[in-house]
Amino acid sequence: MENKNITFEQANELLEKSVSKMESGELALEQTMEEYAKACELLAFCMKQLEQCKGKIIDINERISKLSKGDDNE
């Protein structure tokens with residue numbers, strides 16, 4: 001991916017555009033392959049971002065659970 005400072009939202013929008021281009025049927029085979037490679041990179045970036053968020057959510061939920069258990073014992 002050319003721009004490493006891209007946000008999840010920007011990457012997701014570019015991914016959607018890339019998929020639309022491929023689905024249009026207007027690209028030549030070589031262009032479709034280039035677009036596919038670009039889409040794969042964007043998808044991997046988005047999935048990595050989502051996995052990081054999932055980890056943060058799990059951590060937050062674990063802390064909330066510990067606090068809740070502590071409150072029940074008082």
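The buried residues of helix α1 are Ala11, Leu15 and Ser18; buried means under 20% relative accessible area, exposed over 50%, and partly exposed in between, with a 1.4 Å probe and protein chains only. Those three cover an arc of only 65° around the axis, which puts them on the same side of α1. The arc is that of the directions from the helix axis to the C-beta atoms. As a general point, an α-helix has 3.6 residues a turn, so residues three or four places apart point the same way. On the other side of α1, Glu9 and Glu23 are exposed.

Some ground rules before I go on. This is a predicted model, in which local features need pLDDT of at least 70 and side-chain atom pairs count only at pLDDT 80 or more, while totals for chains, interfaces and linings use all residues. Residues are numbered from 1 along each chain as its sequence is written, and side-chain values use heavy atoms, with hydrogens and water left out.

Back to the helix itself. α1 runs over residues 8-24, which is 17 residues, and spans 24 Å from its first C-alpha to its last. That is close to the 24 Å expected at 1.5 Å a residue, where the expected span is 1.5 Å times one less than the number of residues. Helices here are DSSP runs of H or I with at least four residues, strands are runs of E with at least two, and both are numbered from the N terminus. Just after α1, Gly25 takes a positive phi of about 80°.

Now the pairing of Ser18 and Glu35. Ser18 lies in α1, and Glu35 is found in α2. Ser18 counts as buried because its relative accessibility is 1%. Glu35 is buried too, with a relative accessible area of 11%. What joins the side chains of Ser18 and Glu35? A polar contact of 2.8 Å does. The term covers a pair of N or O atoms within 3.5 Å; within protein, one must be able to donate a hydrogen and the other to accept it, and residues adjacent in sequence count only if both atoms are side-chain atoms.

On to the wider contacts, meaning heavy atoms within 4.5 Å. Leaving aside neighbours within four places in sequence, Ser18 is in contact with Glu35 and Ala39. With residues up to four places away likewise not counted, Glu35 touches Ser18, Lys21, Met22 and Leu27.

Met22 is another residue of α1, and it is partly exposed because its relative accessibility is 23%. Not counting residues up to four places away in sequence, Met22 touches Leu27, Thr32, Glu35, Tyr36 and Ala39.

Next, the core. Which residues make up the largest nonpolar core? There are seven: Ile6, Ala11, Leu15, Ala39, Leu42, Phe45 and Cys46. A nonpolar core is a set of buried Ala, Val, Leu, Ile, Met, Phe, Trp, Tyr and Cys residues joined through side-chain atoms within 4.5 Å. The elements giving two or more residues to this core are α1 and α2. The largest share, four residues, comes from α2. In soluble globular proteins, nonpolar side chains tend to be buried together.

A word on the cysteines. The structure holds zero disulfides, a disulfide being a pair of cysteine sulfur atoms within 2.5 Å. Cys53 is in no disulfide either, and the nearest cysteine sulfur, that of Cys46, is 11 Å away. Cys53 counts as partly exposed, at 42% relative accessibility.

Cys40 lies in α2, residues 29-72, and is partly exposed at 33% relative accessibility. The C-alpha atoms of Cys40 and Leu15 are 8.5 Å apart, and the two residues are 25 apart along the chain.

Last, two further positions in α2. Glu34 lies in that helix and is exposed, with a relative accessible area of 51%. Glu34 and Ile60 are 26 residues apart in sequence and 40 Å apart in space, C-alpha to C-alpha. Asn61 is also placed in α2, and counts as partly exposed at 45% relative accessibility. The C-alpha atoms of Asn61 and Val19 are separated by 35 Å, for a gap of 42 residues along the chain.
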